[in-house]
Amino acid sequence: MATTQFTRKTLGGDPTEPALTPPPPTPQTAFVRKPKISSGRSRKREIPEGLWTKCPKCETMVFDKELDENIKVCPKCQYHFPIGARERIHSLVETCSFEEMDTDMTSVDVLGFKGVATYTSKLAAYQKATNLKDAVVTGFGRIGPHSVALGVMDFGFLGGSMGSVVGEKITRLIERATARQRPLVIISTSGGARMYEGMFSLMQMAKTAAALAYHAQARLPYISVLTHPTTAGVMASYASLGDLILAEPGAMIGFAGPRVIKDTTQAELPPGFQTAEFLLDHGLIDAIVPRKEMKTRLIEYLDYLTAGMRNGELAAKA
Ligand SMILES: [Zn+2]
């Protein structure tokens with residue numbers, strides 16, 4: 001038996017012998033048919049997964065550890081990879097200064113939404129995968145010397161969509177910032193309103209905008225940071241209402257997607273349409289700030305914006 005197999009092996013690749021499929025691997029045949037080199041190669045192919053990430057812009061393979069140390073920015077071409085809410089907060093606030101609010105607030109399936117998957121099952125899956133309850137983390141923390149109300153969205157949770165929890169958490173953050181006389185910083189990334197909650201998602205736009213009006217009335221500064229991508233309902237509410245609007249380089253920012261706009265207007269869109277750089281040129285954004293400079297620049301801006309209060313109410317309440 002073994003002899004015939006050896007004979008067949010030497011004839012391997014002969015098209016007239018279609019029955020030459022490998023026999024079940026007994027230790028002996030495995031040794032003959034699968035030289036060590038090939039098994040070594042396949043193992044090598046498996047190693048990069050989870051250790052290296054290919055940069056979509058410059059196509060360099062970046063070591064994941066290096067990417068993490070560089071707050072998810074490609075060290076070669078400065079491409080900004082998506083970053084989770086907690087990781088971003090960690091990159092901005094002083095160690096141990098962040099106090100999270102409304103940690104257990106979770107969405108309810110008010111519409112009894114059933115599609116390919118139910119809303120309840122989607123929520124459970126994303127909560128497990130991201131270790132977040134919903135698409136935003138809010139709280140108070142210190143950025144440099146400034147105690148601020150900070151809200152950070154996470155695109156990894158259902159595309160950073162705004163449902164009633166995101167809206168409520170942002171609104172509570174703004175209201176508490178007003179009550180405590182604190183500047184507000186919200187870092188947005190979102191695909192828009194959450195379709196699973198229908199009208200309840202859309203209501204959040206008015207709610208957050210109204211809370212911001214009270215915050216502004218109290219003469220407190222609000223810095224909105226737009227990251228890739230910030231679109232639709234979020235862009236059309238609190239994200240575009242900052243006293244100062246910053247954006248990360250290359251971020252896609254807009255209301256409707258480019259294809260929808262093109263189909264509706266029947267016009268060619270200008271090059272670079274809906275990028276942070278285009279919107280800076282057209283006056284919607286005040287500055288483009290690379291992620292690595294975000295903390296220092298936020299401190300600088302907060303210095304300016306709170307200058308009038310430093311010796312007054314803010315200092316007294318700090
Ligand atoms: Zn790159």
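Predicted model: local features only at pLDDT ≥ 70, side-chain atom pairs only at ≥ 80, totals over all residues.
Student: Why is glutamate 59 called exposed?

Tutor: Glutamate 59 has 9 other C-beta atoms within 10 Å, and the cut-off for an exposed residue is 12 or fewer, so glutamate 59 is exposed. This residue is found in the loop between β1 (52-54) and β2 (61-63), and its phi is positive, about 65 degrees, although it is not a glycine.

Student: What makes aspartate 102 partly exposed?

Tutor: Aspartate 102 has 17 C-beta neighbours inside 10 Å, a count that falls between the limit of 12 or fewer for exposed and that of 20 or more for buried, and therefore it counts as partly exposed. Aspartate 102 lies in the loop between β3 (99-100) and α6, and its phi, near 45 degrees, is a positive value in a residue other than glycine.

Student: Why are α7 and α8 called roughly parallel?

Tutor: Helix α7 (residues 164-179) and helix α8 (residues 198-217) pack at an angle of about 10 degrees, with their axes 9 Å apart. Angles under 35 degrees count as roughly parallel, which makes α7 roughly parallel to α8. The residues that make this contact include Ile170 and Ile174 of α7 and Thr208 and Leu212 of α8, and the contact residues divide into 8 nonpolar, 8 polar and 2 charged.

Student: How do you know that the buried residues of α5 are on the same side of the helix?

Tutor: In helix α5 (residues 85-92), the residues Ala85, Arg88 and Leu92 are buried, and they cover an arc of only 65 degrees around the axis, which puts them on the same side of α5. What covers these buried residues includes β4 (136-143), β5 (146-153), β6 (184-190) and α12 (294-305).

Student: How do you know that the span of α6 agrees with what its 12 residues should give?

Tutor: At 1.5 Å a residue, the 12 residues of helix α6 (residues 119-130) should span 16 Å, and the end C-alpha atoms of α6 are 16 Å apart, so the two values agree. After α6 comes asparagine 131, whose phi is positive, near 60 degrees.

Student: Which peptide bond is cis, with omega near -20 degrees?

Tutor: That is the bond from histidine 228 to proline 229, and proline 229 lies in strand β7 (residues 222-231).

Note on methods. Residues numbered from 1 in each chain as written. Axes fitted to C-alpha atoms, helices over the stretch in contact; angles between N-to-C directions. Helix = DSSP H or I, 4+ residues; strand = E, 2+ residues; numbered from the N terminus. Parallel < 35°, antiparallel > 145°, perpendicular 65-115°, else oblique. Contact = placed C-beta atoms within 7 Å. Nonpolar A, V, L, I, M, F, W, Y, C, P; charged D, E, K, R; others polar. Expected span 1.5 Å × (residues − 1). Arc of directions from axis to C-beta.
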